[in-house]
Amino acid sequence: MQSISLAELPEGKSGTITSIDTKSPTAQRLLDLGFVPGTTIKAMKRAPMGDPTTFEIRGYQLGLRRSESEIVEVEI
């Protein structure tokens, strides 16, 4: 399996969250939203300029900026 940042996950593909950079101020908010290791996440759609991206996680969709999604590592 290959590990990449969530920001690099291709549109339409799924991955499993492996880690979050807890040094980031955004990390706690993402953890509260369910971005915990072992959770499956799918990149649904990217804005025309590539930022933000809509992700589907735990049955809901959420838009994240590239800077926010870069702190999440996923395995594809």
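In general, most residues other than glycine have a negative phi.

The structure is a predicted model, in which local features need pLDDT of at least 70 and side-chain atom pairs count only at pLDDT 80 or more, whereas totals for chains, interfaces and linings use all residues. Residues are numbered from 1 along each chain as its sequence is written, and side-chain values use heavy atoms, with hydrogens and water left out.

The chain contains 2 helices and 6 strands, which follow one another from the N terminus in the order β-β-α-β-β-β-α-β; helices (H or I, at least four residues) and strands (E, at least two) are DSSP runs, numbered from the N terminus. The 6 strands form an open sheet in the order S1-S6-S2-S3-S4-S5, with antiparallel pairing, and two strands are taken to pair if DSSP finds at least two bridges between them. Strand S1 (3-5) and S5 are the edge strands, each of which pairs on one side only. On average, neighbouring strands of this sheet are turned by 40 degrees against each other, direction ignored, the axes being lines fitted to C-alpha atoms, for helices over the stretch in contact, and the angles running from 0 to 180 degrees between N-to-C directions. Within the sheet, S2 and S3 pair in the antiparallel sense over 3 bridges, and threonine 16 stands opposite threonine 40 in S3.

Of the 76 residues, 36% count as buried. Among contacts (heavy atoms within 4.5 Å) with a separation of 6 or more, 63% involve residues 24 or more positions apart.

The largest nonpolar core has 17 residues, and those with the most contacts inside it are Leu6, Ile17, Phe35, Ile41, Leu64, Val72 and Val74. Strand S2 (14-20), helix H1 (27-32), strand S3 (40-46), strand S4 (53-57), strand S5 (60-64) and strand S6 (72-75) each supply at least two residues of this core. Such a core is a set of buried Ala, Val, Leu, Ile, Met, Phe, Trp, Tyr and Cys residues joined through side-chain atoms within 4.5 Å. When residues up to four places away in sequence are not counted, the residues touched by isoleucine 17 include Phe35, Ile41, Ile57, Val72 and Val74.

Two further residues illustrate other parts of the chain. Threonine 26, in the loop between S2 and H1, counts as buried because its relative accessibility is 19%, and beyond its neighbours within four places in sequence threonine 26 is in contact with Glu68 and Ile71. Isoleucine 76, in the segment after S6, counts as partly exposed at 37% relative accessibility. Leaving aside neighbours within four places in sequence, isoleucine 76 is in contact with Met1, Gln2, Ile4, Leu9, Ser14 and Gly15.

Key
Buried means under 20% relative accessible area, exposed over 50%, partly exposed in between (1.4 Å probe, protein chains only).
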